[in-house]
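Student: Please take me through this structure one question at a time, with the cut-offs behind each term.

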Amino acid sequence: MTVVELMGTSQQVVWGMTSIQFFFMVQVAAACIGLAAAQRLVARQALEPYAGVGLFLGLGLAVTAPLNLILELHQPLRFMSMLYRTHLTSPLSWGVFILLGFMLVSACFALVVLREKLTAVGPNNLGRRASGVGVKVLALLTLLAAALIFLYSSMDLAAVKGRGLWHSSIVPVVFICSALAAATGLSGLFAMLVKRLNQERLTLLRGWLGFFLTLQLFAQVLWFLIAFVFGDSFGRFAFDYILAAGFGNFIVLGLGGTVLLPLVLLYFARSSRLLFALAALLSLAGAYLVRWNVIITGQQLPRTGTALIPFAPGQGGLLQALAPLALWILLMILATWTGPWKRLVGQQQEG
Amino acid sequence: MKQTRRGFLELFVPGKAWAGEQRTDPEPVHYAMVIDLRRCVGCQACTMACSMENRLPASQWRTIVSDYELTVGNRPRRSPLPRLCNHCERPACVSACPTGATFKRSDGLVVVDSQVCVGCGYCVQNCPYDGRFMNEQTRTADKCTFCVQRLQSGLLPACVESCVGKARVFGNLNDPHSAVARLVRDNPVQVLKSTMGTGPQVFYLALNSQLQNRVKGTAAPFTPDHSSAKEG
């Protein structure tokens, strides 16, 4: 039997550019701050590049990411009303409290770390030095909050049964790996920009970026394989689309251009900052692209009819998405211009 | 009333008395709809009646009749399929709503309180039937309510009232004498996407299995263009 759809339903893509921007910013923030907290917790030299730079960048992203949600809801008070109208069966209801808790704990952690550094270099004691155990407990709380951010922001997609591309337990893993790679890329680029990327840091960041990109590669391949082998009809339909019309976005760009190519570049970037910068940029683009592919394409795939639901962000959508990013850049400029950030990110590289 | 020995002994068995009380209670109202596809001609009268009754924005619909051409061998035939909110028994949208704006009433209707809805769109993502949309005017979730405002006045939903083929039948499923209850009881009825576990309360008669889940076929030559509709 052949079926031709003469008239279908008129659905629209509900979560647009600001949603992708939110998922990107909040998850990269969680990765940056989580890695900084992990460094503090385990005190490993290998995580040293994240200690200052990661915390600094992540805090800025964590502050500006919720702006995307406010823009998405169109009225700021609607976001506030989610604080006193709760519904515990919804991941979004939990998410509001997790998001605010994460911002609060991260800010406290950054404050304690900054205060400690200022105290260490100041002429007199600027304040009481926090105890080692206290800082470690705070670092552990920050790490937990970052993990909860990943859990909520990935699971609210994975829990949706009707969307073939979303409803997978591997989607959160792909998001975590890509966010960790993007956080490493961002830390490297920022360190390069403010001349804090010495050879030792370059070697460490190169290693971490390669590691996270390899994890992302495995997670994405596993995602495809599991959907093909064990997927239900929705999942199989979604991956039929990936192999046909979505091949360019998902395989060529999503796997080749933003995961494999940076890995190749990193292999040759032993001492080349340019190649490292290129790989870092591609990893950032890859983290954005994987969210675009999952969130937007996931909504475009029809659930009832046969036609792909069209999506065009338009000028308004692009401006809405750029505004929080621009605010984050402005915050970074202001903080590096006026604040005591140099104490946080370490000494300037030589030469 | 004549006192019997059995009746006297039953006074000392609380469980028995409770069960007897339950039996005599009238069943609460449970609204449902049956759509007899043999009677549907795909005229979209229900679509327009709903749009006018509920004053929906242009090119946004609470119900629509999808239209398919099914060909077996060399014999094509048209098969209309009215779609609307299924007012599920276990609605995915209700558990997904972060503020509790979407809820299921005791009479079976799934409704949205637009004063409480924050417009996050998560219910739209969770509905597997595409029964919801974001209203462009209110920026909140919108869906079929079985015309709750008409039900309160003792009227039928607008789509049922306007259906030229009498394909849509609406009523109380718990009333064994209602047309809906009789149709469900006496006929093999189908629901859309039964594997989703949501328990839809919109039942179809003569639903082709090809249309029961996501329709696998070629895309429609006509797709509503939202941008041109808005400009117009």
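Student: Which residue of β3(B) stands opposite B:Glu69?
Tutor: This is a predicted model, in which local features need pLDDT of at least 70 and side-chain atom pairs count only at pLDDT 80 or more, whereas totals for chains, interfaces and linings use all residues. Residues are numbered from 1 along each chain as its sequence is written, while chains are lettered from A and ligands numbered from 1 in the order in which they are written. Strands (DSSP runs of E, at least two residues) and helices (runs of H or I, at least four) are numbered from the N terminus, two strands count as paired if DSSP finds at least two bridges between them, and β2(B) and β3(B) run antiparallel with 9 bridges. In β3(B), the residue opposite B:Glu69 is B:Arg78.

Student: Which residue in the turn between β2(B) and β3(B) has a positive phi?
Tutor: These two strands form a hairpin, with 2 residues between them. In that turn, the residue with a positive phi, about 65 degrees, is B:Gly73.

Student: Which element gives the most residues to the side of chain B that touches chain A?
Tutor: Taking two residues as in contact if their C-beta atoms, placed from the backbone, lie within 7 Å, the contact draws 48 residues from chain B and 37 residues from chain A. The elements of chain B that supply two or more residues to its side are β2 (64–72), α4 (92–96), α5 (122–126) and β6 (132–134). The one that gives the most, with 8 residues, is β2(B).

Student: How many residues on that side of chain B are charged?
Tutor: Here Ala, Val, Leu, Ile, Met, Phe, Trp, Tyr, Cys and Pro count as nonpolar, Asp, Glu, Lys and Arg as charged, and the others, Gly among them, as polar. On the side of chain B that touches chain A, 25 residues are nonpolar and 16 are polar, and the number that are charged is 7.

Student: Is B:His87 buried or exposed?
Tutor: B:His87, in the loop between β3 (75–83) and α4 of chain B, has a positive phi of about 40 degrees although it is not a glycine. A residue is called buried if 20 or more other C-beta atoms (placed from the backbone) lie within 10 Å of its own, exposed if 12 or fewer, and partly exposed in between. Because B:His87 has 27 C-beta neighbours inside 10 Å, it counts as buried.

Student: And is B:Arg55 buried or exposed?
Tutor: B:Arg55 sits in the loop between α3 (45–53) and β2 of chain B, and its phi, near 50 degrees, is likewise a positive value in a residue other than glycine. Because B:Arg55 has 7 other C-beta atoms within 10 Å, it is exposed.

Student: Which residue of β10(B) is the bridge partner of B:Asp36?
Tutor: B:Asp36 belongs to strand β1 (residues 31–36) of chain B, which is largely enclosed by the rest of the structure because 5 of its 6 residues are buried. Along the pairing with β10(B), B:Val34 has B:Phe203 as its bridge partner, and B:Asp36 has B:Leu205.
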